[in-house]
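The tour below goes from one selection to the next, with aromatic rings as its topic.

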Amino acid sequence: MSDTLQTNQARATDYLKRFADAPVGHYINGEFTQGSCGELYDNITPTDNSSLGKVVAGTVADVDAACQAAEDAFQEWSNTPGAERKKILNKFADKLVERADEIALVESMDCGQAIRFMKQAAVRGAANFRFFADKAPEAQNGLALHQDEHTNFTIRNAIGPVGIITPWNTPFMLSTWKIAPALAAGCTVVHKPAELTPLSAYILAEIADEVLPKGVWNMVNGFGETAGKRLTEHPAIKAVALVGESATGTHIMRQGADTLKRMHFELGGKNPVIVFDDADFERALDAVVFMIYSLNGQRCTSSSRLLIQKGIAPKFIEALEARVKNLRVGHPLDPQTEVGPLVHTGHCAKVLSYMDLATEDGAKIAVGGARVDQANNGISLQGNYVKPTLFTGADNSMRIAREEIFGPVLTAIQFETEEEAIAIANDTEYGLSGYIWTENTGRAMRMARKVEAGMLWVNSENNRNLPSPFGGIKQSGIGRDGGDWSFDFYMETKNVCVAHGTHKVPTLGK
Ligand code: NAD
């Protein structure tokens, strides 16, 4: 029998019951605990803004306990042979797949992502773990660098306990991106999930409890300004990996300064998709729609600025309007839903505020521009649902073109020449990703050099390849995820220089 909204809701209710029955606490030193009993707050589902249950806000004492546990477990875990860590991480991946249905449904209810995009989440998370499991045995490998009379070689060692701080958009997937390489490298972890979406992090901790030695994985729920802040200040924590807003990166850099922490930041974006007159029209249209309206527009790499060349602009915008009007907004557990609710009321209000800002600045709301209270199939909606929105007649000075709105909202800007497209694309404080649509290979190569972004896709939507580097420049981040980039972040490289016994050692005082 195929899934329906009703069957999905019934299964989700079963999975969520335990979170309603008891507050969601922390996982510290191999124990599920409410810690030092910080305040309780409601975990609100964006589907209708009702509470899924209480969450315990971690205190400084809870974070300290978690960091101590991670420090205590570090020596043993980092000295565990890579082959053994590989086995454990593969076991972790198996458990993720076993719980795929639960992870998808719980995550959809917690953060509002449509189930069609969450269904494969566990399998993709498991792939992250398997990828880094395979790398665990080579964690300590280094390079040999030969000179005439010396040989240098490098050794890599796990950096120590690390803090992982994740956001509310795709929290499950991003947690696996960060934690899998850290564990493979031999680090122990303290994870601070986003306060708005704690549930998949709890499931991850449950799996950790089954397969990892105690203290290797710790998780403390709570707010950024308390639990998160303490984690970034704690002396036992040697590195912090954050996925979040650019302003949060600034705070964390300050907070970690006294203890000189290594930082890896994946931050915001205002990413351009540049469509030239010679682009494959239908493929470009599909990609433009997918890359802003999927995941409710709450995606760091979403192409929120469409730069469209004047020759095809009228035809492209007309086709785009039709597609945007046709998008199916609805309950995230409805398999038909393409756009679900925004994560919380405050964020929804922020996204809606741009409707007025757009017209104040002189743009036109071509499609959308308001809340939705009824799905396309007639079902009434009570959560944070916003109509997929398209702004036209915009230029790059407008707030809708400069600020990260982080919702199903696209700003279309027209350009004439390649040079103008590059100038507009780069006229932003961000530099995460960009998308280029052209059949002219030479132009694609020129754009690849000139567009300021950590990642560019040519004639493609966002396609993730785990060994490839992922990350941003400018205000969009520091450092890279992916393959050895992820791995190196969690390790210290030591150089050992060995003399061949042939060189003359300088003599002093003889
Ligand atoms: P956020 O910055 O508000 O929160 C992210 C995490 O940081 C949360 O766990 C939060 O509690 C914590 N935090 C907040 N203040 C802190 C502090 N002072 N010290 C320590 N921790 C603190 O981000 P969000 O609203 O949850 O997520 C959306 C943002 O994340 C968007 O800007 C989006 O672009 C960005 N993002 C970037 C990527 C990427 O790969 N570049 C991926 C996903 C999301």
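Select Trp177: is this residue buried or exposed? The model is a predicted one, and in it Trp177 has a relative accessible area of 10%. Buried means under 20%, so Trp177 is buried.

Colour by secondary structure next. Trp177 belongs to helix α7 (residues 171–185), while Phe470 sits in the loop between β19 (455–458) and β20 (473–474). The pair therefore ties together parts that are 293 residues apart in sequence. Phe470 is buried as well, at a relative accessible area of 5%.

Now select Phe276 and Phe415. Their ring centres lie 5.3 Å apart with the planes at 80°, so this pair too is edge-to-face. Phe276 is in the loop between β12 (272–275) and α11 (281–293), and Phe415 is in strand β16 (residues 409–415); the pair therefore links parts 139 residues apart in sequence. Both Phe276 and Phe415 are buried.

Which residues lie over the faces of Trp177 and Phe276? Show Arg464, which lies over the face of Trp177 at 4.4 Å from the ring centre. Then show Arg443, placed over the face of Phe276 at 4.1 Å from the ring centre.

For the last stop, select Phe19, Tyr27, Phe32 and Tyr202, which form one aromatic cluster.

Terms used:
Residues are numbered from 1 along each chain as its sequence is written. This is a predicted model: local features need pLDDT of at least 70, side-chain atom pairs count only at pLDDT 80 or more; totals for chains, interfaces and linings use all residues. Side-chain values use heavy atoms; hydrogens and water are left out. Helices (H or I, at least four residues) and strands (E, at least two) are DSSP runs, numbered from the N terminus. Buried means under 20% relative accessible area, exposed over 50%, partly exposed in between (1.4 Å probe, protein chains only). Rings of Phe, Tyr and Trp (its six-membered ring) pair if their centres lie within 6.5 Å; planes under 30 degrees apart count as stacked, over 60 as edge-to-face and the rest as tilted. A charge sits over a ring if NZ of Lys or CZ of Arg is within 6 Å of the ring centre and within 35 degrees of the ring normal.
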